[in-house]
Amino acid sequence: MNPGKSCMRDTVYEVVLSSETDSNGWRKAARKACASGIAPGQLVWRVPGQAEALNLIPYASLPEVALERTMRINKALLKEIDTALLHSDPNRFDLAYRLIWRSQAEPKIHQNPADPDVKKLYQLTKNIRRDIHKMHAFVRFRKIGENDGREQFVAWFEPEHHITAAVAPFFRNRFAGMDWLILTPECSIGWDGKNLSYGPGGNKSDVPGEDSIEDDWRSYYANIFNPARVKVQAMKSEMPMKYWRNLPEASLIPGLLKQAETKTARMIDQARDPQTEFPISAAPRSPGRVLPASIADLYHHLEQRADAPSEDYSAKFIRGEGPSHAELLFVGEQPGDQEDLKDRVFVGPAGQMLDRALADANIPRQQAFLTNAVKRFKYIRRGKRRIHQTPSSAEIEYYRWWVEQERRLVNPKLTVALGGSAAQSLLGKKITLSQYRGKIWDQGDNERLLITVHPSYLLRIPDQVGRDIEYQKFVRDLRLAKRACEESNSKTV
């Protein structure tokens with residue numbers, strides 16, 4: 001390593017940052033200190049309001065030096081450090097500088113998860129991403145009025161770390177159609193339809209305790225609560241009790257949990273034999289609000305919901321697409337990586353397979369309505385890649401009411417469930433796909449359903465012969481769907 005000219009071993013240097021989130025100030029000071037050869041143990045980092053450590057020797061200021069052009073810092077490491085600096089750990093600045101210092105001799109140090117400093121860094125960044133997800137999920141806006149036709153909302157939240165400014169773009173993008181202010185103890189962020197603003201922190205008493213929307217949340221939560229799938233510890237892990245005091249629906253949870261055992265027993269008693277009758281469960285009830293009048297209205301309301309089912313999901317909500325009153329409605333599982341990047345349904349490899357099969361079945365894609373059971377992309381990261389993850393039953397149930405509203409509004413002659421997740425969303429329970437595939441099922445109220453495989457299933461078949469056979473079976477199912485629509489049209493003429 002050649003960090004620059006050496007300096008006195010007994011000299012201790014002090015860097016005072018402008019705030020807890022002054023990452024730019026930290027970067028400049030870290031580069032200057034590293035270029036000057038100042039070892040990690042010789043630096044003291046402070047923020048305003050932090051008490052000075054006892055030191056018998058006066059602190060020195062960083063020397064003014066020209067930064068070496070040859071000094072390099074890996075972008076991936078710097079990105080992780082920027083995230084970790086949002087943590088509330090008072091030692092985060094020391095850790096970050098120590099990693100920068102060491103990276104001059106070990107450029108790939110961040111790729112060693114066994115290194116204690118790297119391990120600590122990734123622990124901090126994991127905590128930050130989780131805290132950001134919790135803020136996305138558990139901010140509850142309360143309406144305080146209107147101004148020039150725009151609704152105005154305010155919310156209170158208490159993050160564990162210094163993330164408030166970092167999440168501002170997310171809330172701007174998700175709630176661009178209304179004016180809002182989010183208060184936290186440390187700072188506030190606001191949106192007026194044109195500009196993001198940042199201000200001082202506040203108190204919970206600055207936010208009204210309740211508004212008319214609270215009843216909607218409680219009614220919605222009560223209607224989607226499934227006692228048969230309650231896992232109390234998992235629920236408390238995903239929705240820690242410290243957030244409950246700010247969630248209107250949380251007041252219902254103790255009572256719903258007490259009723260869970262009785263309701264589950266009743267559901268078992270009422271279960272039907274799947275061999276003698278198609279296992280259709282009742283569609284989810286309306287969550288106590290006025291039903292959306294159009295697909296656009298439905299998606300507007302869905303986009304206002306910032307709470308993705310878990311932190312493993314993309315923040316981007318992907319709309320369905322197609323004619324608002326299509327004869328065929330196709331429901332897939334969830335958006336994939338390409339759908340998330342391009343903001344459209346069925347445009348990745350599975351979508352291309354579906355397009356090919358639709359063409360062979362003589363079904364114009366532009367005349368069908370395509371959507372997904374789950375509206376966001378669930379994935380895990382492996383390096384730079386985002387690997388698809390199958391949604392859980394609870395995550396499918398989370399969006400089930402919205403899928404039912406899509407179906408109600410499009411009012412198709414026939415709905416096609418592409419795969420097990422789509423079938424579960426439309427039926428309310430898991431089924432064995434092979435038992436119900438390739439038949440037209442009447443669900444009452446002129447609702448008809450055909451269940452087939454998801455096109456991604458065809459992509460996973462390793463041998464070409466098997467893939468060709470399954471592809472022809474898939475096309476046969478789509479042709480059956482087309483004939484069912486044509487027969488329905490002839491009956492109504």
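**Close-up 1. Contact between helices H9 and H13.** In H9, Ile 295, Leu 298, Tyr 299, His 301 and Leu 302 meet Trp 402, Gln 405, Glu 406, Leu 409 and Val 410 of H13; contact means heavy atoms within 4.5 Å. By class, this contact of H9 with H13 comprises seven nonpolar, two polar and one charged residues. The model is predicted: local features require pLDDT of at least 70 and side-chain atom pairs pLDDT 80 or more, whereas totals for chains, interfaces and linings use all residues. Residues are numbered from 1 along each chain as its sequence is written, and side-chain values use heavy atoms, leaving out hydrogens and water.

**Close-up 2. Packing geometry of H9 and H13.** H9 (residues 295–303) packs with H13 (residues 400–410) at an angle of about 165°, their axes lying 10 Å apart. H9 is therefore roughly antiparallel to H13 (angles over 145 degrees, on a scale from 0 to 180 between N-to-C directions). The crossing of H9 and H13 is right-handed.

**Close-up 3. The five-stranded sheet.** An open sheet of mixed pairing has the strand order S9-S8-S12-S14-S13; strands pair if DSSP finds at least two bridges between them. S9 (368–372) and S13 (440–442) are the edge strands, each pairing on one side only. On average, neighbouring strands are turned by 25° against each other, direction ignored.

Close-up 4. S13 pairs with S14 (residues 448–452) in the antiparallel sense over three bridges, and Ile 440 stands opposite Leu 450 in S14. H13 lies across S8 (328–332), S9, S12 (414–418) and S14, running at about 170° to S9. H14 (residues 420–427) also packs on the sheet, touching S8, S12 and S14, and its direction makes about 135° with that of S12.

Definitions and conventions
Helix = DSSP H or I, 4+ residues; strand = E, 2+ residues; numbered from the N terminus. Parallel < 35°, antiparallel > 145°, perpendicular 65-115°, else oblique. Left-handed = near helix turned anticlockwise from the far one by under 90°. Nonpolar A, V, L, I, M, F, W, Y, C, P; charged D, E, K, R; others polar.
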